[in-house]
Structures are given as C-alpha cells and as structure tokens.
Amino acid sequence: MEDIKKSFNKGAKRAKNKEYDAITSRLQTLRKNKKGSSEIKKLAATRRYHPSLDPFDSNFKRLMYLRYADDFVILVIGSINEAKHIKHQVADILNKKCGLELHKDKTIITATKDGFKFLGAWCKRISATKAGLSKNKAGNPAKYRMRMKIEIPIKDLIAKLKINKYIKTDFNEMPTATARKDLINLSHYEIVTFYNHRIT
C-alpha cells in the first residue's frame, strides 16, 4: 500500500477554482466602490457554495490507507477509474501474495459524501453549506472546513451489550457494567473465546 500510495500521490496543492476567484474579485470591487450594497451579502452567500480550490484538479491526487485487523478503507482523491484500478491492484496483491479474496458484498467504491461503514461506524463527509451558516466579522456568511463525521450506533451497541449480559439499564435506560461471574472458573483461553464469539 505504501508503494501504491507513493506512485499515486501527485502535486503539492490543488489549483485555484476560477469560479470562486471570479466571485471574490467581484466582491472586492463592490466592497471598495459600493459599501453596504445588498449584492455583497448575496455574493458572499453564493461563494460559500463554491470551493476555493478546484476539486477536480487532475494534477492533485492523494491516497490514504487505514487498517484494523482484516478491515481496511482506502480514501482516494482522484477519479472513479483510478479508484477501480487501485481496487484491482489490491485484489491482485491479496490473491497472489496472501491467497485471500476481497469480500464482494463489503468491498464498495463510493463517494465520501454518500458515506460508508467502517468498523461498525458510519463515516460521511458533511457539506459545509448544509451544516448551517456562520458569520464573519463583517456579518457575511463565512466558509469553514468540515471534518469527516463518524456516527457510532450507540443504541445498537447498548442493545448488544444488554443481550450478552455485559450491562444492565436502569429506569432511565442508563447502562451500568455488570460482572460475568459465570465465567470465573473458565481458563483464559475459554474466556477470550467466549468474548470473541460475541463481538464478531
């Protein structure tokens, strides 16, 4: 994966978005010559819907590989065809060097804005324009970067812990850890095996 990453990564920074720059230039002119114009506020709001850098810059590519045990995710800044090529490369390496195959149902290519599941959590890139407006010092809508949102299915986890008698809940459904005294006479191997069967 390190070799694939080195050969794939390209460019130091994305190119500027011409559409964003054109709106910025228009705003600067209005602020200089028509202070207080209603068009300034409208243009500032419109600019928020345009990234300052070109998201489709073919001269900027990045790859990130994250793995936990036998689960992994590859994040790609590039085209869908490049993502498919990387998937084929990984499948080929796993098959030839490890004798393993990618799980067809679990191995997908998707946009981060649509989200994906990794280690039981739902990961999704949130749009700044849909997250609500913030104001800068001038009172105009301000742009801000959005981090990847990771949603953990807390209710599902609590339900699973409750079924396996690892917790109990009070009348407010607040969980409290419980002891599994029935495992006290088992060997370490048997205890680990017991838990492994319930967390998979």
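1. Let me start with Lys165: in this predicted model it counts as exposed, because its relative accessibility is 57% and the cut-off for exposed is over 50%. The residue sits in the loop between helix H5 (154-163) and strand E8 (167-169). Have a look at its backbone too: phi of Lys165 is near 60°, a positive value in a residue other than glycine.

2. Leu119 is the other residue I'd flag. Its phi is near 55°, again positive and again in a residue other than glycine. You'll find Leu119 in the loop between strand E3 (116-118) and strand E4 (121-125). With 48% relative accessibility, Leu119 counts as partly exposed.

3. On to the overall fold. The protein chain has six helices and nine strands. Its radius of gyration is 25 Å, whereas the globule rule gives 16 Å for 200 residues, so the chain is more spread out than a compact globule. The C-alpha trace spans about 85 × 55 × 25 Å along its principal axes.

4. Burial and surface next. Out of 200 residues, 20% count as buried. The protein chain exposes about 15,900 Å², and carbon and sulfur atoms supply 55% of that area.

5. As for contacts, take the ones between residues at least 6 apart in sequence: 52% of these join residues at least 24 apart.

6. Last, charge. The protein chain carries 44 positive side chains and 20 negative ones. The centres of these two sets lie 10 Å apart.

Notes. Residues numbered from 1 in each chain as written. Predicted model: local features only at pLDDT ≥ 70, side-chain atom pairs only at ≥ 80, totals over all residues. Heavy atoms only, no water. Helix = DSSP H or I, 4+ residues; strand = E, 2+ residues; numbered from the N terminus. Rg over C-alpha atoms; globule rule 2.2 N^0.38 Å. Buried < 20%, exposed > 50% of the residue type's maximum accessible area, 1.4 Å probe, protein only. Contact = heavy atoms within 4.5 Å. Areas by Shrake-Rupley, 256 points an atom, 1.4 Å probe, with all protein chains shown as cover. Lys, Arg positive; Asp, Glu negative; His and termini not counted. Charge placed at Lys NZ, Arg CZ, Asp CG, Glu CD.
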